[in-house]
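This briefing covers the open spaces in one protein model and the residues around them. Please look at the sequence and structure below before reading the points.

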Amino acid sequence: MFSLKWRALRADGARVRAVIHGPTLWLSSALAVVAAVSAALTFFLPDVLTGPAVTTGNARGTALVMMVAGVPLLVLSMLKATRGSWRFHVVWLGILSYLTYNGFLLLFGTPLNSLFLLYVATFSLGLFSLGTLVHATEPHAVSDQLVDLPRRGLAIFVWTIVGLNALVWLRGIIPTIGAAEPTAVLDGLGLTTNPSWIQDLAFWLPMAAIAAAWLWLDKPWGYVLVGAWLVYGLIESVGVAVDQLFGYAADPTTEHATPAGAVIFGILALVSVVPMYLYFRRQRAQSHIVVEVEVRADG
């Protein structure tokens with residue numbers, strides 16, 4: 001089996017390494033192709049989509065950001081990470097998280113249409129690419145490169161975003177408890193439930209909270225996952241801002257997509273630049289990094 005190995009050698013003699021196996025590269029490469037095709041068809045062929053105008057608009061906005069930002073960043077991060085960049089290894093994890101998240105949204109946030117199998121493939125490839133890359137990640141290869149990181153400040157930032165996000169979702173969910181028509185809150189979307197509620201409350205928000213706790217406690221995986229979450233959070237904020245604009249343009253009477261929503265998420269994206277800068281700018285000045293790349297074919 002093909003594998004690629006890179007080693008970062010520090011001046012103090014310590015050695016950290018990450019091994020990126022062939023399946024990780026092939027899965028992420030396949031994801032780049034499938035995500036690009038599904039996003040392009042979603043954006044350029046809106047008549048393929050079914051459901052209310054606002055849902056179609058939201059999907060097109062999401063697809064646009066996947067196409068012009070998500071896929072190119074995935075390809076760039078793969079190229080840079082396989083050449084030994086710990087920063088782009090983290091970016092790779094973040095972009096895979098973003099594409100997996102939105103593959104799920106396209107799958108469950110749009111009524112069944114002829115692109116269904118492409119959406120399944122996007123979500124599946126994203127999920128397995130993310131799993132294999134996490135497995136291939138040596139967390140010390142990231143944490144050892146960071147010094148004087150304001151880790152507790154970053155942890156508080158992540159917890160704040162997680163808490164605010166959870167409160168916004170719970171504000172919509174709690175009134176449905178015991179309601180005669182709980183799905184009334186989704187009127188106009190053509191959906192029976194909200195896929196963002198499902199994946200955010202079941203996985204992404206708890207994962208971010210745990211990652212922030214690990215960072216607070218100075219655990220290596222905290223450095224990796226919080227960095228990836230910052231990448232994911234920034235591009236997802238941009239994506240939501242754009243899908244709000246497209247949803248509103250498609251149906252200005254809807255309450256599910258508003259210019260105010262686009263502004264809020266645009267501001268959140270700008271605010272997220274600050275912790276991302278603090279995270280990625282910090283590398284050990286005293287450590288001269290030499291990257292060795294070894295490619296081997298396993299029998």
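The model is predicted.

**Largest pocket**

- The lining is made up of 50 residues.
- Nearest the centre of this pocket are Trp169, Ser196, Val240, Gln244 and Phe265.
- Two or more lining residues come from each of helix H2 (53-81), helix H3 (86-108), helix H6 (151-173), helix H7 (195-216), helix H8 (220-250) and helix H9 (259-280).
- H8 supplies the largest share of this lining, with eleven residues.
- By class, the lining has 27 nonpolar, 18 polar and five charged residues.

**Second largest pocket**

- Here 17 residues form the lining.
- Ser97, Leu130, Phe203, Trp204 and Met207 are the lining residues that lie nearest the centre.
- The elements that give two or more residues to this lining are H3, helix H4 (116-136), H7 and H8.
- The most comes from H4, which contributes five residues.
- The lining divides into 13 nonpolar and four polar residues, with no charged residues.

Notes. Residues are numbered from 1 along each chain as its sequence is written. This is a predicted model: local features need pLDDT of at least 70, side-chain atom pairs count only at pLDDT 80 or more; totals for chains, interfaces and linings use all residues. Side-chain values use heavy atoms; hydrogens and water are left out. On a 1 Å grid over the protein atoms alone, a cavity is a set of points where a 1.4 Å probe fits but cannot get out, and a pocket is an open set with protein on both sides within 12 Å along at least five of seven lines; lining residues have an atom within 4 Å of a point. Helices (H or I, at least four residues) and strands (E, at least two) are DSSP runs, numbered from the N terminus. Ala, Val, Leu, Ile, Met, Phe, Trp, Tyr, Cys and Pro count as nonpolar, Asp, Glu, Lys and Arg as charged, and the others, Gly among them, as polar.
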